[in-house]
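Open the structure in your viewer and keep the sequence panel beside it. This tour goes from one selection to the next.

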Amino acid sequence: MPAPTGVARILAVWDWVERIVVGLLGAVALGIAVVQVFGRYVAPAHSITWGEEVIVYIAVWAVMIAGSQLARTDGHVRPDLVLRLLPPGAQRWVEMFNCLVAIAFTFGMVWYGWQVVDTAQMLDQRSSSDLQFPLWIYYAALPTGGLLMLIRFVIRLLRYALWFDPATMTAGRAITHEAPAELMQPIVE
């Protein structure tokens, strides 16, 4: 039984928004880097002093948001070799256990990340550069990315628990929406 179509549409929009945000963050970081290099070597009087700092902030945010996409596409580091040795039913249970561990870990990221954000806000922590950037915004990447991944792992757990399809959801199977048809090869068993 597939997931309801309304949910599928919401997830598709969520995927699109995440990819667009990560792409825009990368483009902004690249633009700042170009301006910084140009200023440093061509027009030193107009160079920006805060470029490297902001690039790091943007990169961290992009990586944390991209972690959600990795959770969705099964791209996080995992022991595929071990899973491939198991029959589909056992793979299902191992994947559900992995999801529970990931949910606990990402919940910890959210919980402790928000404590760091709250402390940074309370102490009014700012960067030491001329920019004086409020660090709580930078620190908020951790609980935000953790929350996005947490939701993805809950969805993944529900898929394995309620809508398990051994033809597409076992290790070594290509997910049809992740690869072009010409790259899809049937697995010989």
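What covers the buried residues of α1? The cover includes α2 (51-73) and α6 (141-162). Contact here means heavy atoms within 4.5 Å. Buried means under 20% relative accessible area, exposed over 50%, and partly exposed in between, with a 1.4 Å probe and protein chains only.

Before going on, note what is on screen. This is a predicted model, where local features need pLDDT of at least 70, side-chain atom pairs count only at pLDDT 80 or more, and totals for chains, interfaces and linings use all residues. Residues are numbered from 1 along each chain as its sequence is written, and side-chain values use heavy atoms, leaving out hydrogens and water.

**The whole protein**

Show everything as a cartoon. You will find 6 helices and 0 strands. Helices (H or I, at least four residues) and strands (E, at least two) are DSSP runs, numbered from the N terminus. Along the sequence the pattern reads α-α-α-α-α-α. The protein has 189 residues, and 30% of them count as buried. Take the contacts with a separation of 6 or more: residues 24 or more positions apart account for 70% of them.

**Helix α1**

Select residues 5-41. This is α1, with 37 residues. From first C-alpha to last it reaches 54 Å, close to the 54 Å expected at 1.5 Å a residue. The expected span is 1.5 Å times one less than the number of residues. Now pick out its buried residues: Trp14, Asp15, Glu18, Ala29, Ile32, Gln36 and Gly39.

**Glutamine 36**

Zoom in on glutamine 36, in helix α1. Why does glutamine 36 count as buried? Because its relative accessible area is 7%. Show its neighbours next. Leaving out residues up to four places away in sequence, glutamine 36 touches Ile48, Gly51, Glu52 and Ile55. Finish with a distance: glutamine 36 and glutamate 52 are 16 residues apart in sequence and 8.1 Å apart in space, C-alpha to C-alpha.
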